[in-house]
Number of protein chains: 6
Amino acid sequence: MSEMPAKPVSASVIEKHVYKVFPNDMNAHNTVFGGMIMAKCDRLALVVAERHSAHVCVTAAVDSIHFRAPAKGNDTLLFNLSLNRSWGSSMEIGARVEAENSYTGDTRHILSAFFTFVALDENDKPVDVPHVIPESDEQRRRFENAEIRREGRLKTREKLSSR
Amino acid sequence: MSEMPAKPVSASVIEKHVYKVFPNDMNAHNTVFGGMIMAKCDRLALVVAERHSAHVCVTAAVDSIHFRAPAKGNDTLLFNLSLNRSWGSSMEIGARVEAENSYTGDTRHILSAFFTFVALDENDKPVDVPHVIPESDEQRRRFENAEIRREGRLKTREKLSSR
Amino acid sequence: MSEMPAKPVSASVIEKHVYKVFPNDMNAHNTVFGGMIMAKCDRLALVVAERHSAHVCVTAAVDSIHFRAPAKGNDTLLFNLSLNRSWGSSMEIGARVEAENSYTGDTRHILSAFFTFVALDENDKPVDVPHVIPESDEQRRRFENAEIRREGRLKTREKLSSR
Amino acid sequence: MSEMPAKPVSASVIEKHVYKVFPNDMNAHNTVFGGMIMAKCDRLALVVAERHSAHVCVTAAVDSIHFRAPAKGNDTLLFNLSLNRSWGSSMEIGARVEAENSYTGDTRHILSAFFTFVALDENDKPVDVPHVIPESDEQRRRFENAEIRREGRLKTREKLSSR
Amino acid sequence: MSEMPAKPVSASVIEKHVYKVFPNDMNAHNTVFGGMIMAKCDRLALVVAERHSAHVCVTAAVDSIHFRAPAKGNDTLLFNLSLNRSWGSSMEIGARVEAENSYTGDTRHILSAFFTFVALDENDKPVDVPHVIPESDEQRRRFENAEIRREGRLKTREKLSSR
Amino acid sequence: MSEMPAKPVSASVIEKHVYKVFPNDMNAHNTVFGGMIMAKCDRLALVVAERHSAHVCVTAAVDSIHFRAPAKGNDTLLFNLSLNRSWGSSMEIGARVEAENSYTGDTRHILSAFFTFVALDENDKPVDVPHVIPESDEQRRRFENAEIRREGRLKTREKLSSR
């Protein structure tokens, strides 16, 4: 795999993907249904993973979804997703969702989440993907944090399985 | 209205909005249902119109939707929409949809369409919107073409109503 | 193609197709989502085109969708579609949508639109369709207007492409 | 209620309501999902009941839904519904669904069902509805059969409740 | 067929299947859309039938759906379905839907319905299914009532077809 | 809060909630769309949280969603959710999804996930919820593991925020 060229974050990034909220997006508490937002993130993260890997990809795990504030009727959701880091056949994709008030342009932070996708070959076996090249300070921070999150997950899993 | 500052196209543009096609997007001929693509364009054009006008907007008309090629299963649709021109309370928004092959990155042109939205005040009456500032050659071409399309529509309507 | 018998408008017409509006049909402004109405028109026009041509049909273009008035909660939408004219493998289908108040029976005009469908043979190549026979004055008016709209479209396209 | 004028079946009938089947209408056995067809019948029967009664109506019961044959991909469903008979505030609405082959025009019988709706006043209390006037032999047959079905239902209910 | 072992009701039963109502489940009268409830019952009854028969099953008929009370926004629906009796290749499945108030735990009866499913072999021909063993008094009551309902249906059908 | 009585896990548990997979649940790779499964888990976890707390609840976070194996067409999904532990106003709810083959009864593990919900009072402020009483060994294991997962999350968050 050494000759597979690394790719910059910008080659697969999704920025400010808009979604105008309609009444049928609401839950029983009359805020936007969180499950719908998660499902949209998953479908968008798939595009990031397939662009980066140039292979069919599947969701392997989702970590640390945090809902910061509820989205309301008449908001426009903004989805931002980028590839943070890759390890072998797996990739961490960060998602950040904001709600924009279309009339004032104000935004607020709604949700953060981290998806792990795995790339598959024609036989549905994992296949290595390119390394990612972080280009900005923010991208380098995400690249480092991805490793910290991964270590935290492995440590927790170890503790749980040793019981 | 003279003091309302004009806004550049970039302030409301939507570029490369992705949508991964799933089997439930298909029509009976097993290509992507055109009505679904139109509905998505309408919902996205609404965001462009509300960003530009900072008012509630409604679809007044749609012209010249052309389906160039069918989209297929496993395509990723790319929606591009921008404000071409405004007249009083109405705005022409152009939509261009492409299909991207996620694995090769190849794209092909699927659909073009032109939406006319009207901005409304609190009493649901039409309200004037800012002029738009085209900044690139492409944006200037669209600005001029919007006027030609508008004249064509008015001429056809005249002929039809004089019968 | 000379031996393909022409068909009357009545052989493929759709009249007073009802759709009771429910809350999940609403947009953020709490009127019926225009994109949903367009998508329904497209799906119904497909039936008209396939009945007339007896072939698989695809949407080629949509022109002059005009939203006259918003539809509201509790309205019943009435869809009327008929084949206006055919040229070779292409057909213009007119759509008129009204909103009916179920309790008083009052109706108001919501939307007009003109769809162009193309009939395809087994190899997905365009195939000629029967001529249409207008039988009433209204159908004859639509038959003539279809030609005027078509000329208007061609003229506008010419102007745009010569720039 | 004696002065409420009776209404003919034709004043509320729904005939040949078309629905083009798409892949997302299918069940796991790859025929059209019966629950979707029932739900569509219920939504259409509501329109018949509200037209006849000029009141808000609700489904009280559904009897004798029979699935005669499965509908397949590429079929066009045809829904036919008419008011068979009324008793006080309740109405029996018959539904008959056929599947049309768009290319040959052949139809086959898919489903029959009988819905009972109740009309409500502003306080959600049952309110009497007009009598129905059957005008054709077929409508008179349905008018008589509605009574037989009603008696059968009452007799069965009696037997069940006496146990 | 003598060697096919009978199965208890408990082997295929569905109890307290929850569904939290959201705004997009509402009808125009702002109660839960009855057609949606029927469709969900049909999809759940399919699971009961396939578990009991270990074959692909299809809906043959639905009888005696009674809506007892409307479900409202914020209710949690509880679906209960069990196999009442089988005859050759056909099975009666009873459905009972309740609405639970999540905060107080109170429930009320929303709907009862009886579905008849038929099991199919690999050639889509009806195939015999196991007998069912009712184990509780309630299950034995349902087992007996299924026969009474069946006789009532046959008697009504006879009367209708002899006319 | 000392007088709020603790509740057993069984008072809010959801077991073997079935969902028969249909073709419109599929993703582009023709396995069940993971985002749909997550959204369903979220909607079911809401019921568990509201039953336990007797208050309106909202999703605060989701951790450690692991997709173990893809679900396929014709599978029946089985959702199992239970309250693992509570801290003040927040609750960890574990979800385990299996796929059942309806004809053989075989099941396989599809997904595990841990949701954190927060209970709200009438002013949308967090409100304390009852403690949970684990009653079986499995429930006690989950009760302990919930604390380990929580500590792992807090430790990772600390490391990330100190950078």
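Guide: What follows is a short talk about the contacts between chains and a few side-chain pairs.

Visitor: What should I know about the model and the numbering?

Guide: This is a predicted model, in which local features need pLDDT of at least 70 and side-chain atom pairs count only at pLDDT 80 or more, while totals for chains, interfaces and linings use all residues. Residues are numbered from 1 along each chain as its sequence is written, chains are lettered from A and ligands numbered from 1 in the order in which they are written, and side-chain values use heavy atoms, with hydrogens and water left out.

Visitor: OK, how many residues of chain B and chain C are in contact?

Guide: There are 35 residues of chain B in contact with 35 residues of chain C, where contact means heavy atoms within 4.5 Å.

Visitor: And what area is buried between chain B and chain C?

Guide: About 2,800 Å² is buried there, and carbon and sulfur atoms give 61% of that area; buried area is the accessible area (1.4 Å probe) that two parts lose on being put together, summed over both.

Visitor: How many salt bridges and polar contacts cross that interface?

Guide: The rule finds zero salt bridges between chain B and chain C, a salt bridge being a side-chain nitrogen of Lys or Arg within 4 Å of a carboxyl oxygen of Asp or Glu. It does find ten residue pairs in polar contact, both residues at pLDDT 80 or more; a polar contact is a pair of N or O atoms within 3.5 Å, and within protein one must be able to donate a hydrogen and the other to accept it, with residues adjacent in sequence counting only if both atoms are side-chain atoms.

Visitor: Which elements of chain B give two or more residues to that side?

Guide: They are helix H1 (34-53), strand S3 (56-67), strand S6 (107-120) and helix H2 (137-161) of chain B, with helices (H or I, at least four residues) and strands (E, at least two) taken as DSSP runs numbered from the N terminus. The residues on this side of chain B divide into 15 nonpolar, nine polar and eleven charged, where Ala, Val, Leu, Ile, Met, Phe, Trp, Tyr, Cys and Pro count as nonpolar, Asp, Glu, Lys and Arg as charged, and the others, Gly among them, as polar.

Visitor: In what sense do the S3 strands of chain B and chain C pair?

Guide: S3(B) and S3(C) pair in the antiparallel sense over four bridges, and Ile65(B) has Val62(C) as its bridge partner; two strands pair if DSSP finds at least two bridges between them.

Visitor: Switching over, what about chain F and chain A?

Guide: That contact takes 35 residues from chain F and 35 residues from chain A, and the rule finds zero salt bridges across it. Four bridges join S3(A) to S3(F), which run antiparallel, and Ala61(A) has His66(F) as its bridge partner.

Visitor: How far apart are chain B and chain E?

Guide: Chain B and chain E do not touch, and their nearest C-alpha atoms are 18 Å apart.

Visitor: So where are salt bridges found?

Guide: A search of the whole structure finds 72 salt bridges over all chains, including one in which the side chains of Glu138(B) and Arg142(B) meet at 3.3 Å, N to O. Glu138(B) and Arg142(B) are four residues apart in helix H2 of chain B, so about one helical turn separates them.
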